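Here is a short briefing on one protein model. Please keep the sequence and the 3D view open while you read.

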Amino acid sequence: MSNLYDQHGRPLTTTTTRPVKRGYTPGWYRGNEVNRYRSSIPYAVSDSKHTLNKSVRRRLMGYARWLYVNSGMVRGAVNDMARYSVGRGIKPQSLVDGAAGDYEQYFAEWCKVADVSGVFNFYQMQKLASIRMDVDGDLGLLMVNNGFPQLQVIESHSVESKDRELTAHDGVKATKAGRPTAYSLRDGEGFKTVSANDFVLVYDPDRVAQLRGVSALAHATDHVRDQMEILDYEKVGVKMSSAIGIAITTQGGTADDGQSLIETGYTAADTGNVPWDTMQAGMIPRLKIGEDITSFASNRPNATFQGVIEHLTREVSLGMGLPYEFIVDPAKQGTASRFILEKAQRRFEERQDTIEKFSNRVYAWVIAAGIKRGDLAHAEGFWRVRWQPPKKITVDNGRDSKANADALKLGTRTLAEDAGERGQDWEELRNQVEREASDLLTRAKRLTIDHDITLDTAIALLSQRQPNPVFNNDEPQITSSDNN
């Protein structure tokens, strides 16, 4: 029995006084305790369609859109996620023997006209999908084929069902196993239903059987709002402090004629914009008994305030999966810079996996449509493809470049991987190297005939492939006197 009592005079206990069930230990999990020192937390245990219903999702979406527009920190973090995950596009490399080049070229040309509205290319859609996943929660792509395959971008708020439609959850119709079969889209004043075979909903789920995405800023809404309000109040406080230069204290708190401080002709009642004009360096004012002049000093903003703002910002960045130092203050990285970049890179790779998932479906659809139209020849496994993300960020390009070159020589790194990280296609790169090598040999052979030198010497004169050029000792050497 405790010696402490609550406001009603009842003894305080840390365990329940109800009958204990067999096999149950009261108070074993401290997180399960309820007391007056902590606020209550909702503990609803149900499917995501109950906790993430239409009204909750749309409200979070509206908050996140407002924060993305008005908060530079939020906008920067979301754009950095898209910028380093997608860059100029996550591009396909066909795995089909023989027809790979034709498929890649066809898809590259399709990307330029992928949007029904003619606004975006496909790689811009990838970047837009990353931004909308973080802000809205998801983004829809409707596959339209009116003789030629194209995509129509559908924003998250347009994917919804009728208010009384019980067969769909927030715009998604699904089987009992959780497989989407159709989507309900707002079409002007009405609604239309499209098959799941013709629609792609891009989102990053964190629950089993989650049919809709939720904004990545859901955890940060309160933090960012508080941060913005605190900054607004603090800015007003700083302005007010800066507006007051010197305070004059009198016995009665009333304004006197001010003759002891300022020049003749100005009274204390109308010196709002005068004191700085009448003050002189080194002046010694004469004050009455009980009067005092105080220089008004302010300590706003202070170190404590900066710590609060940093904590709120850190909450936002960590919730999005990105290190605070990467988003806000790279100067604080120091010796941990490689770890910070590696941690950020892992998050970018997770986003790339999500984007590659819907890109796989779009690629197969476009190539299949091209084969059906007769634009492409059919090949077994035409849908097989892998995606090359943009180059990884690094703090030491020289060191990484040397390591990659050594790995290429040892065969532990492929040319496709190396070229892909630099945004190039390995086959196009090798074709270009072949054309340059052929041109080099043609010019070298011409030099051997015109100047009676060996082929090795001619090649060394055109392109130095070794640290020291190779010359034949029996050949005439070109000197400065020869040039004269």
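Ala-209 counts as exposed because its relative accessibility is 54%; exposed means over 50% relative accessible area, buried under 20%, and partly exposed in between, with a 1.4 Å probe and protein chains only. Ala-209 sits in the loop between strand 7 (199–203) and helix 6 (221–243). Its phi is positive, about 60 degrees, although Ala-209 is not a glycine.

This is a predicted model, in which local features need pLDDT of at least 70, side-chain atom pairs count only at pLDDT 80 or more, and totals for chains, interfaces and linings use all residues. Residues are numbered from 1 along each chain as its sequence is written, and side-chain values use heavy atoms, with hydrogens and water left out. Helices (H or I, at least four residues) and strands (E, at least two) are DSSP runs, numbered from the N terminus.

**Other loop residues**

- Asp-170 lies in the loop between strand 3 (149–154) and strand 4. Its phi is near 50 degrees, a positive value in a residue other than glycine. Asp-170 counts as buried because its relative accessibility is 7%.
- Ser-71 is found in the loop between helix 2 (54–70) and helix 3 (72–85). Ser-71 is buried, with a relative accessible area of 6%.
- Which residues does Ser-71 touch, not counting residues up to four places away in sequence? They are Val-224 and Met-228; contact means heavy atoms within 4.5 Å.
- Arg-422 is in the loop between helix 12 (415–421) and helix 13 (426–451). With a relative accessible area of 42%, Arg-422 is partly exposed.
- Arg-422 and Pro-389 are 33 residues apart in sequence. In space, their C-alpha atoms are 9.4 Å apart.

- Three strands make an open sheet in the order 4-5-6, with antiparallel pairing. Two strands pair if DSSP finds at least two bridges between them.
- The edge strands are strand 4 (172–174) and strand 6 (190–195), and each pairs on one side only.
- On average, neighbouring strands of this sheet are turned by 25 degrees against each other, direction ignored. The axes behind such angles are lines fitted to C-alpha atoms, for helices over the stretch in contact, and angles run from 0 to 180 degrees between N-to-C directions.
- Strands 4 and 5 run antiparallel and are joined by three bridges. Val-172 stands opposite Tyr-183 in strand 5.
- The hairpin of strand 4 and strand 5 has five residues between the strands. Gly-178 in this hairpin takes a positive phi near 95 degrees.
- Strand 5 (residues 180–187) and strand 6 also run antiparallel, joined by six bridges. Leu-185 stands opposite Lys-192 in strand 6.
- Strand 5 and strand 6 form a hairpin with two residues between them. Gly-188 in the turn has a positive phi of about 70 degrees.
- Strands of a sheet pair through backbone hydrogen bonds, either parallel or antiparallel.

**Helix 4 against helix 10**

- The axes of helix 4 (residues 100–112) and helix 10 (residues 337–373) come within 10 Å and cross at roughly 105 degrees.
- Helix 4 and helix 10 are therefore roughly perpendicular to each other. Angles of 65 to 115 degrees count as roughly perpendicular, under 35 as roughly parallel, over 145 as roughly antiparallel and the rest as oblique.
- Helix 4 contributes Tyr-103, Tyr-106, Phe-107 and Trp-110 to the contact. The helix 10 side includes Val-362, Tyr-363, Trp-365 and Arg-373.
- By class, this contact has 10 nonpolar, one polar and one charged residues. Ala, Val, Leu, Ile, Met, Phe, Trp, Tyr, Cys and Pro count as nonpolar, Asp, Glu, Lys and Arg as charged, and the others, Gly among them, as polar.

**Aromatic pairs**

- The structure holds 13 aromatic pairs. Rings of Phe, Tyr and Trp (its six-membered ring) pair if their centres lie within 6.5 Å; planes under 30 degrees apart count as stacked, over 60 as edge-to-face and the rest as tilted.
- The ring centres of Phe-107 and Phe-122 are 5.6 Å apart and their planes are at 80 degrees, so this pair is edge-to-face.
- The pair links distant parts of the chain, with Phe-107 in helix 4 and Phe-122 in helix 5 (residues 122–135), 15 residues apart. Both Phe-107 and Phe-122 are buried.
- Phe-107, Trp-110, Phe-122, Tyr-123, Phe-358, Tyr-363 and Trp-387 form one aromatic cluster.
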